[in-house]
Amino acid sequence: MSGPHAVLVEGLRKTYGTHEAVVDLDLAVAPGETYGFLGPNGAGKSTTIGMLCTLLRPSAGRAEVAGHDITREADAVRRGIGLVFQESTLDGELTAEENLRFQADLFGLPRARARRAISELLDLVELTHRKDSPVRTFSGGMRRRLEIARGLLHTPRVLFLDEPTTGLDPQTRVSIWEHLHRLRAEQEITIFLTTHHLEEAEHCDRMAIMDQGQLVVEGTPAGLKAVVGADLVVLRTDDDERAALAVQDRFGLKADTGPDGVRLRTQDGAGFVPRLCAELAVPVHAVTVTPPTLDDVFLHYTGRTIREADGPQQPHFGPRR
Amino acid sequence: MAQTEVHRARAERAGPPGRARPAPVPPGSAGGGRAARDLRTVKVLWHRETIRFSRNKLRIAMGMVTPLMFLLVLGTGLNSAMSEDSLRDFRAFLFPGVVLMSVQAPAIAVGASIVWDRRSGFLRQMLVAPVRRSAILVGTCLGGATSGAAYGVLVLLLGPVADVPYHPQLLLVLLQVVLVSFAFTALGVAAAVCIRRPETFQVAVSLCMLPLFFLSGAMFPVDGLPGWLGTVVRLNPLTYAVDALRRTMPGDGATAMGGGSVSPEWWGWTPPVLAETGLIAAFALLSLTIATRRFSRVE
């Protein structure tokens with residue numbers, strides 16, 4: 001059954017009582033691909049990862065990860081995947097090296113190979129100089145790097161990253177991505193990640209937008225932005241209402257007014273601005289032109305911006321007591 | 001069509017994939033089958049617990065405070081109310097209970113660490129490892145039992161204070177301590193697996209431990225209790241742990257406090273030490289089974 005996919009999902013569904021966390025999900029990820037799941041909190045991203053990692057049992061549907069069925073061959077799936085969770089999952093009492101050795105032992109790596117892999121990975125994530133420090137003394141970025149190293153220890157075919165840079169400062173986020181890119185250059189590994197940071201989705205070969213348990217749209221970041229197509233032009237004028245009407249009359253473009261000024265969309269934003277300023281009777285103070293962003297893509301497909309959709313809800317694994 | 005796909009898949013798995021990385025770990029690569037892997041898992045988890053235990057010196061010291069308080073302060077504080085002789089008797093009587101008390105601290109700590117592991121996510125990291133979950137729990141309990149035994153040894157070294165001489169028989173006592181420690185840890189782990197919030201766990205533990213101790217015969221002879229409390233005492237697994245320790249311990253703690261036996265009786269029959277030990281073992285297995293069933297459930 002091991003097809004040419006790193007991840008293959010068919011009609012996957014997870015319900016908690018009457019709440020449908022994931023609804024009829026279908027997707028396929030090719031080996032070596034970096035695939036991103038974009039969506040607000042509570043969209044079902046973590047629940048999906050939980051099922052693909054054999055931590056949650058699907059209510060319906062099936063999935064194959066690293067060539068094995070997630071329910072019938074859970075152990076084989078577990079050997080084929082690496083995992084980095086949203087929250088830190090290291091043992092703070094143990095040193096960096098001990099944390100890695102613990103994982104190597106759990107996965108039954110032969111001693112010599114484990115030793116080699118541990119020292120190589122500590123090098124890769126630049127933590128060799130701190131290998132003997134207890135992990136509780138590490139910063140958030142160092143922990144995340146160590147977790148990525150741990151996720152790679154048993155040379156998985158698929159690396160799952162659940163919100164890999166949540167809670168990290170922008171600088172650290174950049175450095176984590178540098179590490180991930182280096183990793184992809186050095187090993188042919190499939191990366192499956194979830195995020196609610198739009199910038200992060202730009203790193204993906206292909207991405208899907210998930211909202212309310214459903215896959216809304218799937219494609220390359222560039223392709224998705226091309227669907228939205230037009231550049232966003234925002235004008236600050238003396239009289240936004242009049243300017244918006246004038247834009248609609250003269251150019252036949254739909255324009256909205258908002259707190260940031262007049263917003264309109266057109267194919268060649270930069271080329272359009274001079275004509276606009278010349279023909280508009282209302283004085284213009286400022287113009288900004290922005291190429292389409294993934295936030296626009298999200299808005300286009302769900303009718304909300306991702307920030308609006310971001311609820312406070314956290315995904316959960318089972319009932320809390 | 002399907003045929004070619006199968007072929008391709010086989011080729012992918014069998015041949016060198018033509019990239020500079022080692023192949024994924026094949027099942028059971030560290031030699032042996034399922035049993036060997038389970039054994040390795042047990043060892044890894046045991047090792048983790050002992051590292052964690054030995055690294056936290058402060059916790060070791062604090063774990064000794066309560067037993068020492070009971071042995072030295074309670075024993076001495078009653079000085080004014082008791083004659084010199086009966087005070088010595090009471091210390092000897094109290095000693096097995098103090099040993100038990102010292103064993104309880106690491107057991108609860110192991111349970112608490114599971115609750116925290118769950119909160120921190122470390123537990124989930126273990127749950128996605130290709131190992132049997134029962135092996136994870138057995139390893140953890142053995143780790144707790146080892147820490148418990150370490151405390152037990154420290155307290156047993158104080159034996160002479162309570163007129164319990166150094167005697168080869170203490171080795172038998174130590175074996176019992178290991179068993180009781182394992183049972184305690186299994187109970188703590190079972191509670192930890194069922195209770196998910198650290199706060200709830202703390203409350204549950206402190207709510208259970210005190211009555212369990214008071215109604216076990218560790219602090220005072222329970223033969224004077226009214227009937228229904230006597231039943232509670234006989235149902236309390238700790239009763240048998242205390243009594244087994246007391247009867248195995250060198251010295252005369254078992255017949256102290258006026259000379260009569262203080263062992264629990266079933267309709268006039270006193271179960272032998274071996275039966276009591278068996279009861280504790282059965283209790284440990286029961287706790288472990290409950291914990292494993294609960295722990296292995298996939299949601």
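At what angle do helix α4 (residues 84-120) of chain B and helix α7 (residues 169-194) of chain B pack, and how far apart are their axes? The angle is about 35°, and the axes lie 8 Å apart. This is a predicted model. Chain A contains 12 helices and 14 strands, whereas chain B has 11 helices and 0 strands.

**Chain A overall**

- Taken along the principal axes, the C-alpha atoms of chain A fill a box of roughly 75 × 45 × 40 Å.
- Chain A has 321 residues, of which 44% are buried.
- Of the contacts in chain A between residues at least 6 apart in sequence, 69% join residues at least 24 apart.
- UniProt, in an unreviewed entry, places the feature "domain: ABC transporter" at residues 7-237 of chain A.

**Phe192 in chain A**

- Phe192(A) belongs to strand β8 (residues 190-195) of chain A.
- Is Phe192(A) buried or exposed? Phe192(A) is buried, because 25 other C-beta atoms lie within 10 Å and the cut-off for a buried residue is 20 or more.
- Beyond the neighbours within four places in sequence, Phe192(A) is in contact with Val7(A), Val29(A), Tyr35(A), Val158(A) and Phe160(A).
- One of these contacts, Tyr35(A), is 157 residues from Phe192(A) along the chain, yet their C-alpha atoms are separated by 4.9 Å.

**Chain B overall**

- Reading from the N terminus, the elements of chain B run α-α-α-α-α-α-α-α-α-α-α.
- Chain B has 299 residues, and 42% of them are buried.
- For contacts in chain B with a separation of 6 or more, 82% come from residues 24 or more positions apart.

**Transmembrane annotation in chain B**

- An unreviewed UniProt entry places the feature "transmembrane region" at residues 58-81, 93-116, 136-158, 170-194, 201-220 and 273-291 of chain B.
- The span 201-220 of chain B is 70% helix and 0% strand in the model, with end C-alpha atoms 28 Å apart.
- The span 273-291 of chain B is 100% helix and 0% strand, with end C-alpha atoms 27 Å apart.

**Helices α4 and α7 of chain B**

- Two packed helices are described by the angle between their axes and the distance between the axes.
- α4(B) and α7(B) form a right-handed crossing.
- On the α4(B) side, the residues that meet α7(B) include Val99(B), Leu100(B), Val103(B), Gln104(B), Ala107(B) and Ile108(B).
- On the α7(B) side, the residues that meet α4(B) include Val177(B), Val180(B), Ser181(B), Phe184(B), Thr185(B) and Gly188(B).
- The contact of α4(B) with α7(B) consists of 15 nonpolar residues, 5 polar residues and no charged residues.

**Helices α10 and α11 of chain B**

- Helix α10 (residues 237-248) of chain B and helix α11 (residues 273-296) of chain B have axes that come within 9 Å and cross at roughly 140°.
- α10(B) and α11(B) are therefore oblique to each other, and α10(B) passes α11(B) in a left-handed crossing.
- From α10(B), the residues Pro237(B), Tyr240(B), Ala241(B), Asp243(B), Ala244(B), Arg247(B) and Thr248(B) take part in the contact.
- From α11(B), their partners are Val273(B), Glu276(B), Thr277(B), Leu279(B), Ile280(B) and Phe283(B).
- By class, the contact of α10(B) with α11(B) holds 8 nonpolar, 2 polar and 3 charged residues.

Definitions and conventions. Residues are numbered from 1 along each chain as its sequence is written. Chains are lettered from A and ligands numbered from 1 in the order in which they are written. This is a predicted model: local features need pLDDT of at least 70, side-chain atom pairs count only at pLDDT 80 or more; totals for chains, interfaces and linings use all residues. Helices (H or I, at least four residues) and strands (E, at least two) are DSSP runs, numbered from the N terminus. A residue is buried if 20 or more other C-beta atoms lie within 10 Å of its own, exposed if 12 or fewer, and partly exposed in between; C-beta atoms are placed from the backbone. Two residues are in contact if their C-beta atoms, placed from the backbone, lie within 7 Å. Axes are lines fitted to C-alpha atoms, for helices over the stretch in contact, and angles run from 0 to 180 degrees between N-to-C directions. Angles under 35 degrees count as roughly parallel, over 145 as roughly antiparallel, 65 to 115 as roughly perpendicular and the rest as oblique. A crossing is left-handed if the near helix is turned anticlockwise from the far one by less than a right angle, and right-handed if clockwise. Ala, Val, Leu, Ile, Met, Phe, Trp, Tyr, Cys and Pro count as nonpolar, Asp, Glu, Lys and Arg as charged, and the others, Gly among them, as polar. UniProt positions are given in the numbering used here, feature names are shortened, and annotations may be inferred rather than shown by experiment.
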